[in-house]
Amino acid sequence: MSRTDLIADAFTMVRNAVMAKKPNLDIPASKTVKSVLEIFKREGYIDNFKALEDSSRGEIRVYLKYYSSGKSAIREIIRVSKPGLRKYVGKEKIPHVLRGKGVAIVTTSKGIITGEEARSLGVGGEVIGYIW
């Protein structure tokens with residue numbers, strides 16, 4: 001089975017695992033998904049992730065982050081730009097998610113970075129998604 005949108009699939013898998021309160025999950029590996037997960041880890045939405053060496057398909061195990069109250073660090077995760085309708089923004093139109101409490105993930109000529117980093121570098125690009 002071929003997948004057309006690995007990022008949307010990864011977002012959905014994470015969203016479902018959070019709703020089921022799973023401690024970790026395995027998602028299909030790609031360079032793009034790995035870059036997005038690095039942002040999630042850096043921003044504090046997941047504990048960690050690692051590539052599974054024993055998997056023949058190439059998978060990444062994601063360790064989800066929960067607070068002592070049992071609530072997940074991820075409240076919502078949304079895919080913005082889709083294969084059928086890409087959403088590009090200029091450097092002056094990069095969105096603020098929840099007035100700065102969330103993170104916009106943008107793919108630019110400098111790589112996959114957060115909206116704040118794109119604003120500081122002065123580059124625009126395709127808005128992949130939002131997380132808060």
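Predicted model: local features only at pLDDT ≥ 70, side-chain atom pairs only at ≥ 80, totals over all residues.
1. Helix H2 spans residues 31-42, which makes 12 residues. From first C-alpha to last it reaches 17 Å, close to the 16 Å expected at 1.5 Å a residue.

2. Within H2, the buried residues are Val33, Val36, Leu37, Ile39 and Phe40. Viewed down the axis of H2, these buried residues fall within an arc of 155°, so they line one face of the helix. Just after H2 comes Gly44, whose phi is positive, at about 90°.

3. Strand E6 (103-108) is mostly covered, with 5 of its 6 residues buried. E6 pairs with two strands that are described in the next point.

4. With strand E7 (residues 111-114), E6 pairs in the antiparallel sense over 4 bridges. The two form a hairpin that has 2 residues between them, and Val106 stands opposite Ile113 in E7. With strand E8 (residues 125-131), E6 also pairs in the antiparallel sense, over 5 bridges. Here Ile105 has Gly129 of E8 as its bridge partner.

5. The largest pocket has a volume of about 160 Å³. Its lining is made of 14 residues, and Gly100, Gly102, Val103, Ala104 and Glu116 lie nearest its centre. Two elements give two or more residues to this lining: strand E6 and helix H3 (115-121). H3 gives the most, with 3 residues.

Notes
Residues numbered from 1 in each chain as written. Heavy atoms only, no water. Expected span 1.5 Å × (residues − 1). Buried < 20%, exposed > 50% of the residue type's maximum accessible area, 1.4 Å probe, protein only. Arc of directions from axis to C-beta. 1 Å grid on protein atoms, 1.4 Å probe; cavity = no way out; pocket = protein on both sides within 12 Å on 5 of 7 lines; lining within 4 Å. Points joined across faces, edges and corners; volume = space filled by probe spheres on them. Pairing = 2+ DSSP bridges.
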